[in-house]
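Please read the following briefing alongside the sequence and the model.

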Amino acid sequence: MTNFTFPTEVIQLPSQGKFYPEGHPLRENGGKLDVKYMTAKEEDILTSTNLIANGTVVDKLMESLVVHEGVNYKDLTTGDANAVLMASRVLAYGKDYPVTVTCGQCKETTDTVIDLSQLETPDELVDVDDNGHYSFKTPGGLTVVVKTLTRGEEMKVEKDNKAIEAKVGRGFTNEVTSRLRSIIVSINGVTDRQELSGMIDNLVIRDSKFIREEFTKVNPSVDMTIELDCGNCGHGIKGGIPIGVDFLWPDAQL
Ligand SMILES: [Zn+2]
């Protein structure tokens, strides 16, 4: 049998590999990840209607594109996973991404082109221990250790949340606490999951908010917010870059 090799590219991840445990290939190489260019195989994933219907098409695609030895896409931090998504689009179709945004003031739409190669990532990263964990003190005086969140863990939070919504009804969510449970390693030295869980439920809002803000330091990402003025009324529009299946497959006729 002939082994065809596929074209790959090395991308620099926003984490610089810092938040992975010691010995992890990305920690060792400073966060340089091998990804492959999209091929006919990825086009198959993109056209798979059942993947589109259950909303997993982008994750399936990313899994297929991360070909780095010893690295699974689901084990990437969510910030690094976003960077892979952006890089894959640039590799496949170039840096320009045309979008249409709707003004919140006059409801008119404005067309613009985003240069995906210019999205910024933080330069300075916090210091972490050998496990990639980050320790800090909250305004309420708690010593908290957090870890980054992987795409796999994020998917679990999303799934649990959907299950709760289905059971308790729309609008109800425990997303804040389930996210905190996924990122907090210890509070005041307590690592027992059950005890921690109780402590997390009882965090005062000021501390809970502070912990979530500090967490962003161990999950650096490409800045995916866009700001522009409405072409009709001049109102300032600010929001996230819209991303759908057509982000990775502009020719899709869905
Ligand atoms: Zn407007």
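**Overall fold**

Of the contacts in the chain with a separation of 6 or more, 62% are accounted for by residues 24 or more positions apart, a contact being two residues whose C-beta atoms, placed from the backbone, lie within 7 Å. This is a predicted model, in which local features need pLDDT of at least 70 and side-chain atom pairs count only at pLDDT 80 or more, while totals for chains, interfaces and linings use all residues. Residues are numbered from 1 along each chain as its sequence is written.

- The chain has 10 helices and 9 strands, these being DSSP runs numbered from the N terminus (helices H or I, at least four residues; strands E, at least two).
- Along the principal axes, the C-alpha atoms of the chain fill a box of roughly 60 × 50 × 40 Å.

**Packing of α4 and α5**

- Helix α4 (residues 57–65) packs against helix α5 (residues 78–93) at an angle of about 80°, their axes being 11 Å apart; axes are lines fitted to C-alpha atoms, for helices over the stretch in contact, and angles run from 0 to 180 degrees between N-to-C directions.
- On the α4 side the contact is made by Val58, Met62 and Leu65, and on the α5 side by Ala81, Val84, Leu85 and Ser88.

**Surroundings of Tyr20**

- Tyr20 lies in the loop between β1 (8–12) and α1 (25–28), and touches Leu26, Arg27 and Gly132 when residues up to four places away in sequence are not counted.
- The C-alpha atoms of Tyr20 and Ile114, which are 94 residues apart along the chain, are separated by 31 Å.
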